[in-house]
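Subject: Structure for you to look at

Hello,

Here is the structure I said I would pass on. Please open it next to this email and follow along as you read.

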Amino acid sequence: MANKEEIKTQWFKTLLKANEEHIAIAPLSSTFGAISMEDAYDVQDMQIRRRLENDERIIGWKVGATSRAVMDQLEIKEPFLGCMTTKSEFSALEKVKVSHFCKLAVEGEIAFVMGKTLKGPEVTKSDVIQATAGIMGAVELVDCRLTDWQVTTAEAIADNALHAGIILGPFMKPLSGFDLIHEGVVMYRNGHLQASACGVEALGDPLNVMVWLANKLGTLGKELSAGAIVSTGSLTRFFFAEPGDVFDVSFSNLGRIHFSIGH
């Protein structure tokens, strides 16, 4: 029977190949053996280290499964985090090509931009408010490298929290005086309303997501660095994208992100 380190290595190599070839893989837990969430973050780190070796750099973090809608979709009961690197940045001016993903989905989120560094434990809402440079609307591109998006929490974590990219909104606004809880998002696909929600869906308040992230990173020996972008989780369920789709994600006060899906 393989030991824990061997299983983690098998998870890492298989996910790396799936990322490179954009081909979905069988469940890792049943193929190689299950691992803990702590070990899954080790596998995620192995992937990020490989990207840094390829001259990418870390630009921020994402938090997944912060809304009940996404928790229910994934059948996952708690948030998890992933890392964004320079290859995460996409432009709304260019088509997002499905051939670059295993099975692409999109999410509308509220993003934070850090002005100061935060490091847990014991980070508070007040700390986050003082450290935030501003907030933006965002679309996260998400992808699951496992067949049919059937993942355990550990598999989602190891798969870099299902992160695949981010499209930022047209401008940044100061956090001071901003009503995060009631900030609305409306998502249209091909002119048809798909969903609407507001900031309260992200753990009750996107600030709660930021507190969770800063403190969770602290337990992993990491920090939330000045300049980092943080996507705080989809406010609605996620929607799968097909070639020819046109998405329009509009926020109450954070602008509009309009983009197309290509082959």
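In which strand does His163 lie? His163 belongs to strand β6, which covers residues 163-168. Keep in mind throughout that this is a predicted model. His163 has a relative accessible area of 3%, and a residue under 20% counts as buried, so His163 is buried. Leaving out residues up to four places away in sequence, His163 touches Lys62, Cys83, Met84, Ser88, Glu140, Leu141 and Arg145.

Asn160 sits in the loop between α6 and β6. Its phi is positive, near 50°, and Asn160 is not a glycine. Asn160 has 1% relative accessibility and therefore counts as buried.

Asp55 also has a positive phi, about 70°, and is likewise not a glycine. Asp55 follows helix α3 and is placed in the loop between α3 and β1. Is Asp55 buried or exposed? With a relative accessible area of 74%, Asp55 is exposed.

Now the helix before that loop. Helix α3 has 17 residues, and from its first C-alpha to its last it reaches 24 Å, close to the 24 Å expected at 1.5 Å a residue. Its buried residues are Asp39, Ala40, Tyr41, Val43, Gln44, Met46, Gln47, Ile48 and Arg51. The elements that cover these buried residues include α1, β1, β2, α6 (153-158) and α7.

Two packed helices are described by the angle between their axes and the distance between the axes. For α1 (residues 4-21) and α3 (residues 37-53), the angle is about 45° and the axes are 9 Å apart. The two helices are therefore oblique to each other. The crossing of α1 past α3 is right-handed. Which residues of α1 and α3 meet? From α1 come Lys4, Lys8, Thr9, Trp11, Phe12, Leu15, Leu16 and Asn19; from α3 come Asp39, Asp42, Val43, Met46, Gln47, Arg50 and Arg51. Sorted by class, this contact has six nonpolar, three polar and six charged residues.

Helix α7 (residues 206-219) is next. Its 14 residues should span 20 Å at 1.5 Å a residue, and its end C-alpha atoms are 20 Å apart, which agrees. How many of the 14 residues of α7 are buried? Ten are, so α7 is largely enclosed by the rest of the structure. The buried residues are Pro206, Leu207, Val209, Met210, Val211, Leu213, Ala214, Asn215, Leu217 and Gly218. They pack against β1 (58-64), β2 (80-85), β4 (104-114), α5 (125-131) and β9 (229-231).

Not counting residues up to four places away in sequence, Trp212 touches Tyr41, Val63, Pro79, Phe80 and Leu81. Trp212 and Thr124 are 88 residues apart along the chain, with their C-alpha atoms separated by 9.1 Å.

The other is Asn215, also in α7. Asn215 and Thr124 are 91 residues apart along the chain, and their C-alpha atoms are separated by 9.0 Å. Setting aside residues up to four places away in sequence, Asn215 touches Gly120, Pro121, Glu122 and Val123. Two of these neighbours, Gly120 and Pro121, are joined by a cis peptide bond, with omega about 15°. Pro121 is in the loop between β4 and α5.

Last, look at strand β11 (residues 246-251), where you will find Ser250. Ser250 has a relative accessible area of 24% and so is partly exposed. How far apart in space are Ser250 and Val70? They are 19 Å apart, C-alpha to C-alpha, and 180 residues apart in sequence.

Regards

How values were computed: Residues numbered from 1 in each chain as written. Predicted model: local features only at pLDDT ≥ 70, side-chain atom pairs only at ≥ 80, totals over all residues. Heavy atoms only, no water. Axes fitted to C-alpha atoms, helices over the stretch in contact; angles between N-to-C directions. Helix = DSSP H or I, 4+ residues; strand = E, 2+ residues; numbered from the N terminus. Parallel < 35°, antiparallel > 145°, perpendicular 65-115°, else oblique. Left-handed = near helix turned anticlockwise from the far one by under 90°. Contact = heavy atoms within 4.5 Å. Nonpolar A, V, L, I, M, F, W, Y, C, P; charged D, E, K, R; others polar. Expected span 1.5 Å × (residues − 1). Buried < 20%, exposed > 50% of the residue type's maximum accessible area, 1.4 Å probe, protein only.
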